[in-house]
Amino acid sequence: MRLIVHNMLTCNIKGVINKFPLRIEAEKVIKKEVDFNPDFLRHMLAKIEWKALVDGARSMGYTELPVHAPALESDEPFLRKFHHALLELNLEEGSLVCQESGRKFPVEKGVPNMLLHEDEV
Amino acid sequence: MRDVKVKANPKSTHQEDSPSVKSTPEIEKKYVHRVYDAIAPHFSSTRYAKWPRVAAFLESLPSGSVILDAGCGNGKYLGLNPNCFFIGCDISSPLIRICSEKGQEVVVADAVNLPYREGFGDAAISIAVLHHLSTEERRTSAVNELVRVVKPGGFVLITVWAAEQEDESLLTKWTPLSPKYVEEWVGPGSPMDSPRVRNNPCFGLESIPESDVSVKEEKDKDSVEMSHQQEYFVPWHLPYHRAEVSGASASALASGLAKKDDKKGAVVYNRYYHVFSEGELERLASGVGNAMVVDRFYDKSNWCIVLQKEALNQG
């Protein structure tokens, strides 16, 4: 699971209000190189919830992201860091934790399992 | 026409009291989820041909689009447009494993209740998924989810199997849903005297205890009308050598979920389908308040629509 997906994932347990973002408990993180595409990154900047990305990256061991996205989107050093955090960090094993309910969604072999139990629906 | 009155389930008479639409009914657990889990690799090996209409839709999307595939199966369409970023989900872990082994970004999730925040996707697709949902409420919920997760102005493509099949001989291989499954798929709290059940001569009364039923009129069982039949079991033949590898078939056979066909050398599973009649998908989609149908077509025995989510109000 990469942070681009984590930035979208929510906890859908009935009654939970604070469903996003999920806190990452990382057990195994691997880095996989991805081609740098500044246009795509700029497109993603509009979608990304920045604090969730920064916190998620930190949980995966990457602390280089600025606390705020800079005003100048064409700043290449920034885009490189954004690229690395968004697309090159892979959570292979760990959990995504709902901040409100504490429910842990497992991530195994890079795949989050977001299915709810009968009593959570 | 039979007019059937059945004792309403005392537990619930209102929509609000009935089990959540997001709860999976038994018939889907048994005849969709368990089946796909058991047949996943074999199923995947037969799913490689890219449907031109779906490919065209995906290729029409702008570069850099984030495309959400809800019910992605073996991930056939993930990555089809190399300029876009695909995120797939499916309820079947074995199918999702096949996707992730191909390097795709995927999640195990339920299309009726997507664990996604609103408006993240640029587009979404639902290819041959909604026909596995056994109630109109769940199908509606799935359509609403697809619209919810795309951005304002985003497009959604939905395809489903049509009741009107181009190859009508296929229908002879399908089993129209028999009454003993009605209770399961209708579910507790969903009244059996819904218009669909009442007016459908295919639903006999064999499984309903006599004390609960008052039959107003007799109907000649031989004149059962098949043209309104939309609920089917469609067989899947899992070759024995595949079944052994999967391992799930032993318990499926033991529990009666699957049968052996020695002549074909296969374990036969049944998949539940609600096939869509002409106009039904459009009616379902038109119910979504903040999206418009922008295209509709019939192709290769599937009904298809494209929706566009309302753009944000300007000013």
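## Interface of chain A and chain B

Across the interface of chain A and chain B, 15 residue pairs are in polar contact, both residues being at pLDDT 80 or more. A polar contact is a pair of N or O atoms within 3.5 Å; within protein, one must be able to donate a hydrogen and the other to accept it, and residues adjacent in sequence count only if both atoms are side-chain atoms. On the side of chain A that touches chain B, at least two residues each come from α1 (3-6), α2 (38-45) and β4 (111-112) of chain A. The most, three residues, come from α2(A). Helices (H or I, at least four residues) and strands (E, at least two) are DSSP runs numbered from the N terminus. By class, this side of chain A has 16 nonpolar, five polar and five charged residues. Ala, Val, Leu, Ile, Met, Phe, Trp, Tyr, Cys and Pro count as nonpolar, Asp, Glu, Lys and Arg as charged, and the others, Gly among them, as polar.

Chain A contributes 26 residues to the contact and chain B 28 residues, contact meaning heavy atoms within 4.5 Å. About 2300 Å² is buried between the two chains, with 61% given by carbon and sulfur atoms; buried area is the accessible area (1.4 Å probe) that two parts lose on being put together, summed over both. Three salt bridges cross the interface, a salt bridge being a side-chain nitrogen of Lys or Arg within 4 Å of a carboxyl oxygen of Asp or Glu. A:Glu118 forms a salt bridge with B:Lys29, with 2.5 Å between the closest N and O atoms.

## Basis of the model

The model is predicted: local features need pLDDT of at least 70, side-chain atom pairs count only at pLDDT 80 or more, and totals for chains, interfaces and linings use all residues. Residues are numbered from 1 along each chain as its sequence is written, chains are lettered from A in the order in which they are written, and side-chain values use heavy atoms, with hydrogens and water left out.

## Pocket and cavities

The largest pocket holds about 1100 Å³ of space. Its lining has 48 residues, of which B:Phe43, B:Arg47, B:Ala128, B:Trp161 and B:Tyr273 are the closest to the centre. Two or more lining residues come from each of α1 (26-46), β3 (85-90), β9 (231-239) and β11 (266-274) of chain B, and α1(B) gives the largest share, six residues. The lining comprises 23 nonpolar, 12 polar and 13 charged residues.

There are two cavities of 30 Å³ or more. Among the lining residues are B:Ala70, B:Leu114, B:Ser126 and B:Leu146.

On a 1 Å grid over the protein atoms alone, a cavity is a set of points where a 1.4 Å probe fits but cannot get out; a pocket is an open set with protein on both sides within 12 Å along at least five of seven lines, and lining residues have an atom within 4 Å of a point. Grid points are joined across faces, edges and corners, and a volume is the space filled by probe spheres set on the points.

## Local features

Most residues other than glycine have a negative phi, and most peptide bonds are trans. B:Ala128 has a positive phi, near 60 degrees, and is found in the loop between β5 (121-127) and α4 (136-148) of chain B. A:Phe20 and A:Pro21 are joined by a cis peptide bond with omega about -5 degrees; A:Pro21 is in the loop between α1 and β1 (23-31) of chain A.

Over all chains there are 14 salt bridges. One pairs A:Glu25 with A:Lys104, the closest N and O atoms being 2.9 Å apart. This pair links strand β1 to strand β3 (residues 104-108) of chain A, its residues lying 79 residues apart.
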